[in-house]
Amino acid sequence: MNTVLLTTTGGTGGLMSMLLIYAVIIGVMWFILIRPQKKQQKQVEEMQNSVKIGDTILLNSGLYGKVVDIINDTFIVEFGLNKSVRIPVVRSTVARVAEPNLTVGKKADLVDDDGTEYEYVEVEVEVDENGNEIGEVKK
């Protein structure tokens, strides 16, 4: 018994379908990766261009400062409380226009309705395959 296996060469139809698949993949990648990144970059540039004298800014390095002068693409930023530290920074180093949060947070005590106070403790519970609790490990 002889079995004959017939194959056809792709020709232009196979080449066109392969190119169409690659074009669709590239288009999807552009919509998923490149387009949102360009949109975010445009928003950051608009924010950096809208900074004016007197704004408090946060730099990429994590420092807060107040803009006292703008020269071309350079901000003269005042750092610290003594108002004498002025450093020129490039416009692209501004992360956002924001005031620093200088309030001190306090951990709230847990109090029951009857006035019983509890201490907050994080607990990790071990569970077996049936869903039964085996034990607790305090962190």
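How many helices and strands does the secondary structure of the chain come to? The count is 1 helix and 9 strands. The model is a predicted one.

Start with the chain as a whole. It has 139 residues, and buried residues make up 14% of them. The accessible surface comes to about 12,100 Å². Carbon and sulfur atoms hold 56% of that surface. Now take the contacts with a separation of 6 or more. Of these, 28% join residues 24 or more positions apart.

Next, go inside. The largest nonpolar core has 10 residues. They are Met47, Val51, Ile57, Leu59, Val67, Phe75, Val77, Phe79, Val89 and Val94. Strand S1 (56-59) and strand S3 (74-79) each supply at least two residues of this core. The largest share comes from S3, with 3 residues.

Val89 is then in contact with Leu59, Asp73, Thr74, Phe75 and Val77.

Asp73 leads on to the charged pairs. The structure holds 3 salt bridges. In one of them, Asp73 pairs with Arg91, and the closest N and O atoms are 3.4 Å apart. Asp73 lies in the loop between strand S2 (64-71) and S3, while Arg91 lies in the loop between strand S4 (85-90) and strand S5 (94-97), so the pair ties together parts that are 18 residues apart in sequence. Arg91 has 14% relative accessibility, which is under 20%, so this residue counts as buried.

Another salt bridge joins Glu78 and Arg86, at 3.0 Å from N to O. Glu78 counts as buried too, because its relative accessibility is 10%.

Lys52 and Asp55 also form a salt bridge, with their closest N and O atoms 3.8 Å apart. Asp55 is at 15%, so Asp55 counts as buried.

Last, look at the rings. The count comes to 1 aromatic pair. The rings of Trp30 and Phe31 have their centres 5.0 Å apart. Their planes stand at 80°, so the pair is edge-to-face. Trp30 has 38% relative accessibility, and therefore counts as partly exposed.

Technical notes:
Residues numbered from 1 in each chain as written. Predicted model: local features only at pLDDT ≥ 70, side-chain atom pairs only at ≥ 80, totals over all residues. Heavy atoms only, no water. Helix = DSSP H or I, 4+ residues; strand = E, 2+ residues; numbered from the N terminus. Buried < 20%, exposed > 50% of the residue type's maximum accessible area, 1.4 Å probe, protein only. Contact = heavy atoms within 4.5 Å. Areas by Shrake-Rupley, 256 points an atom, 1.4 Å probe, with all protein chains shown as cover. Core = buried A, V, L, I, M, F, W, Y, C linked by side-chain atoms within 4.5 Å. Phe/Tyr/Trp six-rings, centres within 6.5 Å; stacked < 30°, edge-to-face > 60°. Salt bridge = Lys/Arg side-chain N within 4 Å of Asp/Glu carboxyl O. Lists of a residue's contacts leave out its neighbours within four places in sequence.
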